[in-house]
Amino acid sequence: MVCRYEPKECNRWRCRSHTKWYPRNLPSGWHLPSKAEWKKLESFVASELAPVEGNVWTDEDGNKYSDKDCKNVWSALTGKLDTDGWGESGMIDENPDLANGPRDTYGFNVIPAGQCYHSGGFETPKSKSRTDFWSTDQATYGAGTVYFSNMSYGLGYSSDKGGIQEKRGLSVRCVKN
């Protein structure tokens, strides 16, 4: 799982399993990324991608409009489409490049994953359309998260007000110090 996030630090980001918020058992020399670090990764990847059409909409008269300079970061960071991977996007009309599926350009290999509940239950989304990761940011009502969804080109971020219960278990990516 290599991501060429920093040219000389090929193994800077690494995958770990589901865990409760802000895990205390991270490997030595690694840390959980902040929202700012996730945004830095997203900006880096976007800067290297060719533009694609996105945000397509049609007015009342049938005229089609779109942005021609979108960057499909989701596709560049997600793992290959297969029976255990991402489902088909429901937003292909609005973001046509999603029809090409995940490309895993950087070896980051994000795959759809569920979450653990504090009760011990585990849920995997049937739509195979989303994966949530913890960030170190604390929201007013819960912990901060970053998510990948096959419904849009970019990453999603929890708001400063609404996070998720820290008792839940989400995926994590560790960043090398």
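Me: What is the relative accessible area of Thr78?
Reply: Thr78 is buried, a class that means under 20% relative accessible area, with exposed set at over 50% and partly exposed in between (1.4 Å probe, protein chains only). The model is predicted: local features need pLDDT of at least 70 and side-chain atom pairs count only at pLDDT 80 or more, whereas totals for chains, interfaces and linings use all residues. Residues are numbered from 1 along each chain as its sequence is written, and side-chain values use heavy atoms, leaving out hydrogens and water. For Thr78 the relative accessible area is 0%.

Me: Which residue supplies the backbone oxygen that the side chain of Thr78 reaches?
Reply: Thr78 is placed in the loop between helix H2 (73-77) and strand E5 (115-116); helices (H or I, at least four residues) and strands (E, at least two) are DSSP runs, numbered from the N terminus. Beyond four places in sequence, Thr78 touches residues including Trp86, Asn109 and Phe148, contact meaning heavy atoms within 4.5 Å. At 2.8 Å, its side chain reaches the backbone oxygen of Trp74.

Me: What phi does Asn109 take?
Reply: Asn109 lies in the loop between H2 and E5. Asn109 is partly exposed, with a relative accessible area of 29%. Although this residue is not a glycine, its phi is positive, near 55°.

Me: How far apart are the end C-alpha atoms of helix H1?
Reply: The expected span of a helix is 1.5 Å times one less than its number of residues. Helix H1 (residues 35-48) has 14 residues, so it should span 20 Å. The model agrees with this expectation, as the end C-alpha atoms are apart by 20 Å.

Me: Which residue in E4 is the bridge partner of Val52?
Reply: Strands E3 (residues 52-58) and E4 (residues 64-70) run antiparallel and are joined by 4 bridges; two strands pair if DSSP finds at least two bridges between them. Their hairpin has 5 residues between the strands, and Gly62 there takes a positive phi near 90°. In E4, Val52 has as its bridge partner Cys70.

Me: Which side chain does that of Asp132 meet in a polar contact of 3.0 Å?
Reply: Asp132, in strand E7 (residues 130-139), is buried with a relative accessible area of 15%. A polar contact is a pair of N or O atoms within 3.5 Å; within protein, one must be able to donate a hydrogen and the other to accept it, and residues adjacent in sequence count only if both atoms are side-chain atoms. The partner side chain is that of Arg130.

Me: Over which residues does pLDDT stay under 50?
Reply: pLDDT is the predictor's confidence in each residue, from 0 to 100, and its mean over the chain is 78. Where pLDDT is low, the predicted coordinates should not be read in detail. The stretch under 50 is residues 1-19.
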